[in-house]
Amino acid sequence: MRHFLTTEDWSRGELQALLDRARALKAGASSNALAGKSIALVFFNPSLRTRSSFDIGATQLGGHAIVLDAKGATWPMEFADGAVMDGDEEEHVREAARVLSRYVDLIAIRCFPKFQNWTEEKKDPLISAFAAHATVPVINMETIVHPCQELALMLALQEKMGNVRGKEFLLTWVPHPRPLNTAVANSAILIASKFGMNVRMLIPDEVYRLDDRYMGAAERYCAEAGSRFTVTTDVEAAYSGADAVYAKSWGALPFYGKWEGEAPYRAKGRDFMITPDKMAMTNNGVVSHCLPMRRNVKIADAVVDSPAFLGIEEAENRLHVQKAMMEALALQGGH
Amino acid sequence: MRHFLTTEDWSRGELQALLDRARALKAGASSNALAGKSIALVFFNPSLRTRSSFDIGATQLGGHAIVLDAKGATWPMEFADGAVMDGDEEEHVREAARVLSRYVDLIAIRCFPKFQNWTEEKKDPLISAFAAHATVPVINMETIVHPCQELALMLALQEKMGNVRGKEFLLTWVPHPRPLNTAVANSAILIASKFGMNVRMLIPDEVYRLDDRYMGAAERYCAEAGSRFTVTTDVEAAYSGADAVYAKSWGALPFYGKWEGEAPYRAKGRDFMITPDKMAMTNNGVVSHCLPMRRNVKIADAVVDSPAFLGIEEAENRLHVQKAMMEALALQGGH
Amino acid sequence: MRHFLTTEDWSRGELQALLDRARALKAGASSNALAGKSIALVFFNPSLRTRSSFDIGATQLGGHAIVLDAKGATWPMEFADGAVMDGDEEEHVREAARVLSRYVDLIAIRCFPKFQNWTEEKKDPLISAFAAHATVPVINMETIVHPCQELALMLALQEKMGNVRGKEFLLTWVPHPRPLNTAVANSAILIASKFGMNVRMLIPDEVYRLDDRYMGAAERYCAEAGSRFTVTTDVEAAYSGADAVYAKSWGALPFYGKWEGEAPYRAKGRDFMITPDKMAMTNNGVVSHCLPMRRNVKIADAVVDSPAFLGIEEAENRLHVQKAMMEALALQGGH
């Protein structure tokens with residue numbers, strides 16, 4: 001039984017098959033793959049787009065979604081083996097995963113890191129425990145990666161430019177008032193490199209390098225495809241000749257959970273907003289961002305409201321790629 | 001493409017057609033108008049009755065509703081063009097409206113005013129921005145008017161008294177511990193005047209006059225129908241010969257957001273609760289209130305529990321009028 | 001019209017019929033008993049398992065569930081007749097129950113006691129008011145009893161041991177950091193005694209005796225069945241020869257809402273966690289707990305992870321017994 005926890009576990013061919021199926025579903029193909037089935041959408045963090053697109057997608061496949069919402073910022077659930085549960089946690093993942101598996105056919109989970117201890121949190125312990133104990137497939141709705149967003153982005157790029165192999169993909173850090181999760185940044189370089197793009201990362205300072213797990217995977221995927229993976233702090237070098245620009249803000253890992261010290265490094269990126277001037281340096285490039293997005297902080301209005309902006313298409317694609325993925329997981333094993 | 005933002009945008013004939021269809025649906029007519037379609041119910045403020053009736057109504061029409069709930073008192077969403085989004089707002093309506101339009105076929109929104117600046121808030125900026133940027137019909141689930149409640153009230157009145165033209169409709173201010181939104185009061189005079197009733201407003205003091213937009217519209221509708229629109233602070237004059245009494249409490253606009261100064265005016269209405277004595281002055285009148293309703297503060301038990309009380313019928317009618325309205329919006333344009 | 005408020009209102013034969021139907025549904029029988037019907041799930045307290053299992057169950061029966069969630073710890077709803085509603089309560093149950101009855105075919109309610117005044121709260125006033133004013137069947141999703149959990153437990157016991165009559169059932173108090181509601185403890189002795197088991201209660205001190213209403217009912221049911229009801233503070237006597245052990249923690253009623261004084265009595269139970277040593281004294285007994293459950297506080301890992309643990313089966317059974325019960329209530333009166 002396969003889960004959908006990270007695209008690292010799926011080959012490019014398998015992912016392309018999901019994208020092709022998503023494109024067919026977007027074009028109007030119908031599917032009853034979830035008839036009589038249900039999916040639990042478990043949110044340890046809030047969501048609008050993700051819950052909407054999963055709920056509607058499951059319904060369009062003939063199934064039924066239930067939404068389980070954490071009330072606070074984090075939902076106290078224990079995942080460590082052998083824990084003496086005399087603290088805030090009322091339930092162990094061992095029970096939650098097994099019981100939900102009796103009720104539903106798929107379990108999807110959103111659980112952001114807590115910004116406390118990256119060494120532990122980079123293991124993605126909660127969703128890993130769910131996958132270990134559930135007896136139905138588990139889907140990642142964003143933890144320290146965001147694989148559904150990856151598929152939506154890649155579908156938008158393929159719709160615009162066909163085969164992306166050898167195209168220049170720029171992930172640029174952009175300003176934001178607060179340090180954010182690295183999940184979408186990790187995911188952007190994973191998927192672009194996996195599909196053979198030349199990947200550039202523009203960051204204000206070396207402290208914004210992503211975790212070695214993702215930097216290493218992107219380098220490896222690029223090497224396998226014969227493409228380049230580069231990191232720069234030079235805006236002009238980054239934008240020159242780019243075919244696709246992807247914006248994301250994140251907090252620097254050396255200051256993880258102790259963000260005070262990050263301020264001077266963050267200040268170096270104060271002019272990193274995507275503007276028409278920067279876009280003019282690209283190869284008539286497209287630009288996108290997962291939503292929500294702060295206008296005139298991350299990307300200027302004139303760019304968002306130009307034909308180059310793919311963010312709405314990418315957001316729509318969430319619906320179609322998730323339907324393709326739920327279908328694939330529900331149908332595995334010859335059911 | 002038409003929205004349902006305020007009954008001011010719909011003619012009396014169009015509204016009567018919705019009411020006639022609602023009556024048929026209430027009598028058991030079935031409809032599959034939302035088969036394969038979905039509606040997003042977006043709540044910036046809490047709701048029980050509205051979400052229940054929209055969700056069940058959409059399901060009864062063969063469709064699917066998703067509920068998107070703001071967690072706090074207000075959901076930080078920017079609506080101003082050109083805003084530099086470096087504050088609390090994470091998303092602009094331009095993106096939210098366009099993305100939701102890709103997922104669903106109808107968008108319904110509840111967004112109360114914030115009691116900060118009536119000059120701005122009377123423009124109903126958030127739902128107006130949604131309607132401007134959405135590519136599917138937008139429905140008002142209460143902002144500064146409550147058009148669904150209007151239809152439910154009018155259907156209850158027509159069920160009880162047939163043609164309401166020329167009947168005496170009294171909107172009476174009633175006590176409440178806190179200053180409330182004027183939406184239902186605005187709506188009550190809009191719909192009663194539009195259907196040709198003689199409209200009386202009973203208020204404790206002139207400071208409780210509603211905004212000129214609604215007072216003016218009601219006067220105009222009455223003039224067109226040949227009926228009267230009057231405002232009084234005299235309880236006996238207001239109740240004498242009334243055919244229908246409608247209760248609502250609201251805060252006085254001159255003290256909008258700075259409610260301390262309103263106290264002495266509010267005190268003048270301390271005896272405005274609807275009692276059997278007051279009802280005895282009417283023309284064997286009916287009485288109603290949108291729910292929730294504080295018993296023995298706004299309306300005395302003996303009135304609520306009498307056959308004259310239409311509040312439960314009015315609440316039930318929410319289901320039927322909303323089904324008629326969703327059906328009309330979903331089917332427009334020959335789909 | 002019958003409600004499902006407490007198993008005390010249903011005969012053993014009627015409950016057995018529900019269990020038999022649940023078993024058939026679990027084995028794959030299909031039912032369309034809720035086709036075109038809907039159920040409102042009203043939560044004054046949070047829930048994951050209950051809302052999941054009711055929502056999925058209703059869907060599997062062809063119906064539709066809507067979830068109405070209290071935002072805070074308690075939802076301000078008035079239930080007293082004649083109340084002057086000038087406090088926090090915005091709505092009276094008289095209106096809420098009647099309006100919901102116009103929208104849906106079944107109303108299910110979760111409302112825990114507030115730990116303020118047991119003399120009042122033991123009357124279960126809110127759900128009683130709902131049942132009095134609703135015009136559709138009302139279902140208890142846990143108040144001061146938890147009848148759905150009772151059925152799920154009894155089904156798990158019958159699946160494991162066939163006829164439970166004359167078997168030894170032990171309800172043991174177990175440690176927990178906080179004083180909890182007595183609902184599941186009340187329910188455990190009600191259902192075990194009703195089905196003719198010999199019921200033992202193990203408590204750290206006499207102050208942990210449950211309310212006379214439930215102790216008396218259990219004694220009466222045991223007397224009718226010719227079985228024994230005993231209360232002990234002796235761990236060895238309690239466990240020796242037990243066929244089924246059920247764990248629950250609760251606060252001592254003499255300290256209801258003023259829990260400071262309970263501490264010394266609570267301390268007497270500090271070694272009451274269910275361990276392999278204790279289970280070794282039983283008659284190869286099974287063990288269960290309603291979820292969520294704190295591992296290594298209430299029950300040791302080695303017990304939870306042994307084949308004797310029925311908690312996952314019991315949790316799964318919630319789905320099936322609730323489907324049987326919704327079906328029975330929806331079909332009553334020849335609909």
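Me: Let's start with the rings, then: how many aromatic pairs are there over all chains?
Reply: The count comes to 27 aromatic pairs over all chains, where rings of Phe, Tyr and Trp (its six-membered ring) pair if their centres lie within 6.5 Å, and planes under 30 degrees apart count as stacked, over 60 as edge-to-face and the rest as tilted. One of them joins Trp118(A) and Tyr256(A), whose ring centres are 5.3 Å apart with the planes at 55°, so this pair is tilted.

Me: Where in the chain do Trp118(A) and Tyr256(A) sit?
Reply: They link distant parts of the chain, being 138 residues apart: Trp118(A) belongs to helix H4 (residues 118–121) of chain A, while Tyr256(A) lies in the loop between strand E10 (244–248) and helix H10 (263–267) of chain A. Helices (H or I, at least four residues) and strands (E, at least two) are DSSP runs, numbered from the N terminus.

Me: And what should I know about the model and the numbering?
Reply: This is a predicted model, in which local features need pLDDT of at least 70 and side-chain atom pairs count only at pLDDT 80 or more, whereas totals for chains, interfaces and linings use all residues, and side-chain values use heavy atoms, with hydrogens and water left out. Residues are numbered from 1 along each chain as its sequence is written, and chains are lettered from A and ligands numbered from 1 in the order in which they are written.

Me: How many residues take part where chain B meets chain A?
Reply: The contact (heavy atoms within 4.5 Å) takes 25 residues from chain B and 28 residues from chain A. About 2400 Å² is buried between these two chains, 55% of it from carbon and sulfur atoms; buried area is the accessible area (1.4 Å probe) that two parts lose on being put together, summed over both.

Me: Which residues of chain B lose the most area there?
Reply: Those are Glu90(B), Arg102(B) and Tyr103(B), which together make up 31% of what that side buries. Arg102(B) also forms a salt bridge with Glu313(A), with the closest N and O atoms 2.8 Å apart; the term means a side-chain nitrogen of Lys or Arg within 4 Å of a carboxyl oxygen of Asp or Glu. The count between chain B and chain A is 6 salt bridges.

Me: Which elements of chain B supply that side?
Reply: Strand E2 (64–69), strand E4 (91–92) and helix H3 (93–103) of chain B each supply at least two residues, and H3(B) gives the most, with 6 residues.

Me: What about chain A and chain C, how many salt bridges are there?
Reply: The rule finds 6 salt bridges across that interface, including one between Glu316(C) and Arg102(A) at 2.5 Å, N to O. On the side of chain A that touches chain C, the largest share, 7 residues, comes from H3(A).
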